[in-house]
Amino acid sequence: MATERYSVLLGPQGPLARAVAGFEPRREQQLMAEWVGETLDARGMLAVEAGTGTGKTFAYLVPALLSGRQIVLSTGTRTLQDQLFHRDLPVVAGALGRPVRIALLKGRANYLCRHRLELAGSQGQLPGFERTSGRTLARIRRWARTTQSGDLAELSGLRDADPLRDAVTSTRENCLGADCPEFTRCHLVAARRAAQAADLVVVNHHLLLADLAMKDEGFGELLPGAEAVVLDEAHQVPEIAAQFFGASFTTRQVAILARDALAELGRAGLATEPLRARLAAPETAVAAALAAVAGRGERLDWPDLPAAFGEALATLGAALADVAAALEAADPENSGLRQCRRRALKLAETLQALQDADAESGIRWVETTGRSFTLSFTPFEVAGRLGELMRARGCAWIFTSATLAVGNDFSHFLWRIGAPGAATLAIGSPFDFARQALLYLPEGLPDPASPQFTERVLGAALPLIEAAGGRTFLLFTSHRALREATDRLERLPGFAERYPLLVQGREPREALLARFRTLGNAVLLGSASFWEGVDVRGDALALVVIDRLPFAAPEDPLLKARLEGIRRRGGNPFQDFQLPQAVLALKQGFGRLIRDRADRGVVAICDPRLRTRGYGRSFLAALPPARRVTSEAEAVDFLRGRCAPVAELTEACGT
Ligand code: SF4
């Protein structure tokens, strides 16, 4: 019955086919819709790997909208969040004739805080900001008069990293809540109310998991009403979840507190010299802590910290408590000062908790930039807690992504989300990889640890780039390799003139991708952030070169914590974690190439371990079924279009 229903709705004569130009009925999509519909009815748990081109968005939106239930849709990126809310949901709801109330809810940091804008404006030249900030602030104030949503995304050109964002948005700690003079006009409050009243609310994983764990920016009221949660780009969930089960303390919070407290005191006419001195004491302690670890590197494990650092932390804790006392004494009735006082106490408490954390249950470390530092704690195990929290909600949970399984095995993903018993479904891509793609494994490259490795990778890539006429992604697993490759290509005579080089970090990611699509002969060099969530269809991309297998950096403290957790429960960290993680990451990287039935091209993976190590088989088995070659000539011919589609390739290319 359900089968028929979805094959009609998503079939050639169905409402979606009538409403969406270029809609292609796909059996894979209908199958996924059936499973999602059944899971919604049963309030079950389902993990669906849907290969590229399945059309998974419609496959969960159709049953979600038909169910008539209250549903939370969660995505990994803002881009997909916006796309669902502004484009896909209205289209599917319209096609199905289901008028539903939909809402978009982002994290706090996306909404203008009217109170803090007022505070920032009252400070004249903002301490710690450049002169250009004054112009940006004026622009924000003009926009603030007219915006309906308060979503800072409306302000084009305001960079994510612009420090003014902190000054005009709120955090859970500095929000005045019901005490706020702007409460009735607050954009965040309005967005949350709309989310609670909606049938379908679109959020991101950070917000969802914060809500689930009742942490930080979550407000704990999103999930109680939900009858189902659908998580797209779900491969990101375990990593994000881990952040909500640990704790961190950053000196930026100390600096922002001092700035806000000073502004509140100024507004109240209470900024006396003695008070200013007490407000400055925590920053003096921060400076002492920084001096204690100066020159010792950017990341330090807790046991390696010098005694002087610990002493500075103790002084810092006491100074924060003193700030709280000073603000209380200044004016106990002032709501802004009360909030700053709570923040100072909370910071002191977190700092103490981090110092007291049980070394047997997790890992602690310090990261420093030289001007600030962050203390972090992450527990060895988070999956069990995450699973418990999800089950306690009693609603349906649907996880989907193009990469959840290693081969057809979901156990790694299910273990990481603490849901080993969830139902699973693997749906292959409808694309014809055997015809559309070639996997090239160059021979004779050195071990990735060799100092010549990146140079040799470029040597293997250059003939292919020439054959493709640019149109290449060069994907690296480290920033060091990315820098070296950029440097070498820029020095290669005539290369950058023929093929515009687009380098990660030089422009925002979306701007680089937009230029890549339009140029049509560019070479884009990227590391982690270009391995996933990048969709370049059509002729602009014909070649993806991957330098090495994407094993996570072993010095990463989060990874260390996880591996230690596995060891403690008797597992094998490499087999149970590092290998499946790297396989999933490689699938993501490979997935950049073929995004459409008409796409065609080559993926070159230059890591010889793919063929020389036993674990190489796990990687190869998990990749889409493109034909594998080790001959450069064949790869070049395929790119030049001299080789016919694979059906005829065997003879034409001589293999
Ligand atoms: S309620 Fe909080 S977020 Fe809203 S305007 Fe006031 S301080 Fe800002």
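The model is a predicted one. Its protein chain is divided into four parts: domain 1 (2–100 + 199–243 + 382–427), domain 2 (108–189), domain 3 (247–379) and domain 4 (433–652).

The C-alpha centres of domain 3 and domain 4 lie 43 Å apart, yet the two domains do touch: 8 residues of domain 3 are in contact with 7 residues of domain 4. Together they bury about 610 Å², and 56% of that area is on carbon and sulfur atoms. The pair is also linked by 1 salt bridge. In a salt bridge, D301 is paired with K560, and their closest N and O atoms are 3.0 Å apart.

Attention now turns to the ligand. Around the ligand are C113, R114, H115, S170, C175, L176, G177, C180, E182, F183 and C186. By type, this shell divides into 6 nonpolar, 3 polar and 2 charged residues.

A disulfide joins the sulfur atoms of two cysteines through a covalent bond. A search of the whole structure finds 0 disulfides. C175 counts as partly exposed because its relative accessibility is 25%, which is not under the 20% limit for buried residues. C395, in contrast, is buried, because its relative accessible area is 5%.

Conventions: Residues numbered from 1 in each chain as written. Predicted model: local features only at pLDDT ≥ 70, side-chain atom pairs only at ≥ 80, totals over all residues. Heavy atoms only, no water. Near = heavy atom within 4 Å. Nonpolar A, V, L, I, M, F, W, Y, C, P; charged D, E, K, R; others polar. Disulfide = S-S within 2.5 Å. Buried < 20%, exposed > 50% of the residue type's maximum accessible area, 1.4 Å probe, protein only. Domains from an automatic or database assignment. Contact = heavy atoms within 4.5 Å. Buried area = accessible area lost by both parts, 1.4 Å probe. Salt bridge = Lys/Arg side-chain N within 4 Å of Asp/Glu carboxyl O.
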